[in-house]
Amino acid sequence: MQKSDNIKDELSEILFLKNPKIFVIEWLPFDSNQLRELNKKLDIEKSSSKTLLTGLIDSDPDSPSFLTEGKYTKVTVKDYDINNYVNLEAIIDLPEEEGIVQIEEMAVFISKLGFIIYSLDLREINGKNSFMSLDKLSRVIADLSQDSSQVIDSLLTEFQRNFIKIIFGNPMYRPKTILIVGEDINKKFEDVKDYLDGEDCEIEISQIIGEGFRAHSIDGSIYFIGNRGAILVPKEFTEEMEYYSIYNGIKEGITIFIDSFMSRVWELYDQTNEIQELVNMAVKGNTDALNKVQEEITILTSTISVLGQVKEFLHDSCEQLTNNFDSLSTFSFFEIEKGLETIRNRVKESTKVIKGLLTELEGKRDHINTLSEMQIRKMNKAMTQNTKSMNQVLQANTRTSEAIDMIELILAGSIILEIVAFAIGEISSDQTIYNSIVNKIPLARDQIANLILFIFSIFAWVALVVYLRISKSRMEKKALRDFIITLNINRKIDMNNLEAFLEGKEIVMKQVEYESGNVLHTYIWDTSDIKELNLETISIVCNKSTGLLLSLELETSDMNIDQEEKVNEIMEIFKRNGILE
Amino acid sequence: MDVEIKDLTRDQQLLLYTIDYLLKWVSGTDDNSFIQNGKRIWIKELPLLAVIYYQIIKGSYETYDYAPTSVQFFGRSCYSCNISYEGVDDIEDLRELDILEKIRLSTAKHGFVTAYRITPQGYELLKQIPADVKEEVKNLFYCKKCNTHLKFYMELGEKPIIKMDCPICDESDTDLDFLESEDVSYVSEPYFIRVSDRLVR
């Protein structure tokens, strides 16, 4: 016979409950707005038949269709009060191991106060009905705890999921409280304290509701109340008893949530202390620490703000739960009022801690801002110093460059003297004026010719120097003038014609860029030799994947150029060459 | 309190020897001082319970079984762990007999951790543990191929894993499946609460 479970051990089952009802209770941040969102999702006013729900988000609202995979919850709205609660029937259909059949149908009650109750009548376990062992029930509860997270995940808003993730980490695995109500129990003792035998009975009850549970027996009803839940075996499960046992579950559910909430708060407190270490490093001049601490403070402040919002949800819920509660001495052993009061105080006290954390972070942020400003001032000062030094170096360079320019010009002028000397050949010493003066010889034809040549050479030399000087400065001015016209085109072009057109051009730069699946080509070609264009270069960027001409850039040294006319001229060239349509 | 080995059940003897074995493994020493860098070593409750579970499914204990129990890790995610309450109960009994000592301390993540060590009286009793009990433990935690102690380690990531590896070969690498929940077949019907209007007013 095929096994209907995958339990690896032989269980020694001692306690059995008859026809148990199971309630899994938890508290999550909810209010009227969240309930309204949920009602919209459920399409509550129209929906009477089963609806499939999923936690997936339609991330492409423009698309006419979307894809899903995996897990769905099939829900039917049974009953609702639009502003207060919604009561659903959920069918969970998740794949199980071969041989294991789970027909899992449950009711889900979601209230604006945040408590969620998943409840069901357990009809059979492993094909057996009526009395069911606590050992096997513990396996059903483990399954329900996880599956209930699956059910509610499809119904929550992103806003709530974010809260849950911050508080519990993995939203699928969060603690919940359990309530089991059995019609009867197989083992009955005269004294309810006998269940606390330190042996089998106590162990089996502890497995479900936690160690150190309390046992009560009132008017033939038996109650076990532990820190993870309660097991009740009432003589009759009246509405009154349902109300108080569920209220006890709600109280425990909020307590579980606050425990995790406070763990997060204390964790953040520790992280604030770690931030102080980074601040100390930043004070010592560690710029990496300065950058990191700013980022950390931003993240922490944001998380604390979220916790602040969660605390508000908790506060409102606790206040209303306390006000709504109808006290009744018969069920005082649940200690609900005392529990609610403790919860209220804990929520109230958490305000101080959250405020303190925010103030501390604010102080640290101010400290860091001051340090950043100091750092910026230091940098500015250093930059000013650098600029000064650079100016001095630049001036010295300019002076040196001027001197070198002069020497270059003088040397260039000297070429004239070389040319003259080359043209007239060598001059002997008796042909010079100097010789006539020193030897008191009258100026002859040679000396006069030499004198004229000398004067001519000097003039030619000076003229050449002046000419070179003027030309150089004109060239410099021309080189410095740079007028760039940039235009976004975004028009379809014929890529083949463009490539053919560019073949005849003097390409000075070609660049290919891969960006998000697009191939962008940049071409720059020299047009300085085409006088009528009056342009230095033309640059285009085109997307080969889409065949679009993205932009055009024209570079010229003519500052008075008519830009519109020039652009039209280029576009006309593109059209003539069949590039643009 | 003077206790003799015959005062303990076989399961309690096995449990005591398992704790001793784990302490020897973590301290890397065979003597009973269990001091590492001048500090006393304690074995944490979670790996101990994982080992007990592994021993149960291997048939080592006579009277223990286990049940899935929600355990919250670091005050956050809550996983169903296969905990033996008979084992937990025997740990308490050994404490009452002054054989084990328990320590409880806060964790860096604002949770609490419980750990155990053996008392001098417990070490006296260990000398009297029957050979078959010792063999039972050793056989389970020895690599059959390399004849060496297996190494335990925990990965407390998103979903915690407790594993046992052979430091030499991979023949005996085993996940203890401490967090693997077991399923039963069941049929349920929705139960709609009758007091919804009274709960939310």
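**Entry 1: aromatic rings**

I started with a ring cluster: ring pairs join A:Tyr223, A:Tyr243, A:Tyr244, A:Tyr247, A:Phe325, A:Phe331, A:Phe333 and A:Phe334. Rings of Phe, Tyr and Trp (its six-membered ring) pair if their centres lie within 6.5 Å; planes under 30 degrees apart are stacked, over 60 edge-to-face, the rest tilted.

I note for the record that this is a predicted model, where local features need pLDDT of at least 70, side-chain atom pairs count only at pLDDT 80 or more, and totals for chains, interfaces and linings use all residues. Residues are numbered from 1 along each chain as its sequence is written, chains are lettered from A and ligands numbered from 1 in the order in which they are written, and side-chain values use heavy atoms, with hydrogens and water left out.

B:Arg198 lies over the face of A:Tyr243, 3.9 Å from the ring centre. The cut-off for a charge over a ring: NZ of Lys or CZ of Arg within 6 Å of the ring centre and within 35 degrees of the ring normal.

I then searched the whole structure and found 33 aromatic pairs over all chains. I looked up A:Trp27 with A:Phe257: this pair is edge-to-face, at 4.8 Å centre to centre and 75° between the planes. The pair links distant parts of the chain, with A:Trp27 in strand S2 (residues 21–27) of chain A and A:Phe257 in helix H5 (residues 239–283) of chain A, 230 residues apart. Helices (H or I, at least four residues) and strands (E, at least two) are DSSP runs, numbered from the N terminus.

Buried means under 20% relative accessible area, exposed over 50%, partly exposed in between (1.4 Å probe, protein chains only).

**Entry 2: strand S7(A)**

I moved from S2(A) to its partner. S2(A) and S7(A) run antiparallel and are joined by seven bridges. Two strands pair if DSSP finds at least two bridges between them. A:Ile25 has A:Ile117 in S7(A) as its bridge partner. A:Phe109 also has A:Ile117 as its bridge partner.

Strand S6 (residues 102–111) of chain A pairs with S7(A) over four bridges, in the antiparallel sense. Their hairpin has three residues between the strands, and A:Gly114 takes a positive phi near 100° there.

S7(A) also reaches chain B. It pairs with strand S11 (residues 186–190) of chain B over five bridges, again antiparallel. A:Asp121 stands opposite B:Glu189 in S11(B). Nine of the 11 residues of S7 (residues 115–125) of chain A are buried, so this strand is largely enclosed by the rest of the structure.

**Entry 3: helix H2(A)**

I checked the length of helix H2 (residues 134–153) of chain A. Its 20 residues should span 28 Å at 1.5 Å a residue, and its end C-alpha atoms are 28 Å apart, which agrees. The expected span is 1.5 Å times one less than the number of residues. In H2(A), 19 of the 20 residues are buried, so the helix is largely enclosed by the rest of the structure.

**Entry 4: A:Lys311**

I looked up A:Lys311 in helix H6 (residues 287–324) of chain A. A:Lys311 is buried, with a relative accessible area of 8%. Its contacts (heavy atoms within 4.5 Å) include A:Phe261, A:Val347 and A:Thr351, not counting residues up to four places away in sequence.

What does the side chain of A:Lys311 make a polar contact with? The partner is the side chain of A:Thr351, at 3.2 Å. A polar contact is a pair of N or O atoms within 3.5 Å; within protein, one must be able to donate a hydrogen and the other to accept it, and residues adjacent in sequence count only if both atoms are side-chain atoms.
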